[in-house]
Amino acid sequence: MARPKVKKRTHLGASNGPTNKGSSTTSNSRTPKSMVIRIGAGEVGPSVSQLVKDVRTMMEPDTAARLKERKANRLRDYLTMSGPLGVTHLMLFSRSESGNTNMRLAITPRGPTLHFQVEKYSLCKDVRKALKHPKGGGREYTTPPLLVMNNFTSPPSTTESTNKIPKHLESLTTTVFQSLFPPISPQNTPLTSIRRVMLLNRELPAEGEDGSYVINLRHYAITTKATGLSKPLRRLNAAEKLLSSQKAKGKKGGLPNLGRMEDIADYMVGGADGTGYMTDATSGSEADTDAEVEVVETRAKKLLSKRQKDREDGKTKSSGNGVEKRAVKLVELGPRMRLRMTKVEEGVCTGKVMWHEYIHKSKEEVKQMDKVWEKRRQEKEARKKIQKENVEKKRKAKGLGSKDEEGVDDDEMDVDEWDSEGLEGDAEMEYNKKMEDQGEWEDQEEEIAAG
């Protein structure tokens, strides 16, 4: 009887798959994953829709690049799927009735949520049109970008202001952005895997604007080239690598044309008296780079015999220590965004407001609001308990088992927590209506309207 055919490329046990299930599961669970969501699919407009696609490309590879939104989707739908899919961050883009573009960055499943107003933005296609030599999409998006943050902690100031941003808010914002991408270990992370940079630069507030928190976002690709070599020699090195690669066998497009020259020296020198041989250091013009760094070549070690080891040792002594100078240049990929933080909430797009740019409360008002939120929490616990008892009574009346045996989640019964207003604002419509009935609306009307 013939042996059954086993697929070795896409199934378990394949040579390209992980051999240890436990290690792969652990590594995947620790990797942050994000979902970039467009709230109001048919109402945000084509520009915001394209901005969402560009942000998804920037957040690759650990993001839902082909996510399709529907008008009927609510925040609870995304939160319900974020657990099984391992999604840790939600980025919600929306547009208000006045035309302002907003972005919310939330950590699932318990928060906090950072609210931003997108004051200015540029799409990737606009950035490419502005560059003389734009860089196309290639292998840069196979690894997460390197996160660089600047001025997220404000320097100590001598003047005391009531609108000054507290230190715990700055540290919270830093932690939220740092958790977007997996941490980098300098000892274990290879340099070849770092191909992009995501730059977050905070604009320090002026003297009269102590309560503002503005962040500029930029996205760059890292390009390197060898320095100290002339252009003809670099072209020969590139042609040699092209011919040695398996994919380019039989292709001669990378070779320079030496048919009109009598000697290789004519090509290398470039002139009759030898004045054409110039490197980046001797050309007299500034190099089109941002910096020069020394890179140690990292290659996989092979098991060699004693004779081969002696031969390799002689080569390394004659060639040097394997340090190569390379010029580093950043090419912008886009998008660009100027984000102004307006509010910080404890939960996922709902909960107690920890900080607000325009509303400032005194210590007595904060204590009063804490009492209100504690009362709401107790009412919620009591409501969930009553709902649980009612479900148990109905199941016993129908002759079914207990709820715990079926594996029903307690959060599914609490429908009031996941109202539709959570996608558009503070999710406090019911609470405001209750305050209006009790006559407490007049005291906080201006604060709620501004929020």
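Trainee: Is Phe152 buried or exposed?

Mentor: Phe152 counts as buried, because its relative accessibility is 5%. The cut-offs are under 20% relative accessible area for buried, over 50% for exposed and partly exposed in between, with a 1.4 Å probe and protein chains only. Keep in mind that this is a predicted model: local features need pLDDT of at least 70, side-chain atom pairs count only at pLDDT 80 or more, and totals for chains, interfaces and linings use all residues. Residues are numbered from 1 along each chain as its sequence is written, and side-chain values use heavy atoms, with hydrogens and water left out.

Trainee: OK, and how many aromatic pairs are there?

Mentor: The count is three aromatic pairs. In the pair of Phe152 and Tyr213, the ring centres are 6.4 Å apart and the planes sit at 80°, so this one is edge-to-face. The rule takes rings of Phe, Tyr and Trp (its six-membered ring) with centres within 6.5 Å, and calls planes under 30 degrees apart stacked, over 60 edge-to-face and the rest tilted.

Trainee: Where do Phe152 and Tyr213 lie?

Mentor: Phe152 is in the loop between strand S5 (146-150) and helix H5 (167-178), while Tyr213 is in the loop between strand S6 (196-203) and strand S7 (214-226), so the pair ties together parts 61 residues apart in sequence. Helices (H or I, at least four residues) and strands (E, at least two) are DSSP runs, numbered from the N terminus. Tyr213 is buried, at 0% relative accessible area.

Trainee: Which residues do the ring pairs link into a cluster?

Mentor: Phe116, Phe152, Phe177 and Tyr213.

Trainee: Switching to charges. How many salt bridges?

Mentor: There are 13 salt bridges, each being a side-chain nitrogen of Lys or Arg within 4 Å of a carboxyl oxygen of Asp or Glu. One of them joins Arg338 and Glu119, at 2.1 Å from N to O. Arg338 is in strand S10 (residues 336-345) and Glu119 in strand S4 (residues 113-122), so that bridge ties together parts 219 residues apart in sequence. Glu119 is partly exposed, at 32% relative accessibility.

Trainee: Which residues are linked in a network of salt bridges?

Mentor: Glu119, Glu203, Arg338, Arg340 and Glu357.

Trainee: What about Lys343 and Glu345, buried or exposed?

Mentor: Both Lys343 and Glu345 are buried. They form a salt bridge too, with the closest N and O atoms 3.7 Å apart.

Trainee: And Glu374 with Arg377?

Mentor: That salt bridge has its closest N and O atoms 2.5 Å apart. Glu374 and Arg377 are about one helical turn apart, because they are three residues apart in helix H9 (residues 363-398). Glu374 is partly exposed at 34% relative accessibility, and Arg377 is partly exposed at 42%.

Trainee: Which residue lies over the face of Trp373?

Mentor: Arg376 does, at 4.5 Å from the ring centre. For that label, NZ of Lys or CZ of Arg has to be within 6 Å of the ring centre and within 35 degrees of the ring normal.

Trainee: Last bit, the whole chain. How many helices and strands?

Mentor: Twelve helices and eleven strands. Buried residues make up 30% of the 451 residues. As for contacts (heavy atoms within 4.5 Å), residues 24 or more positions apart account for 71% of those with a separation of 6 or more.
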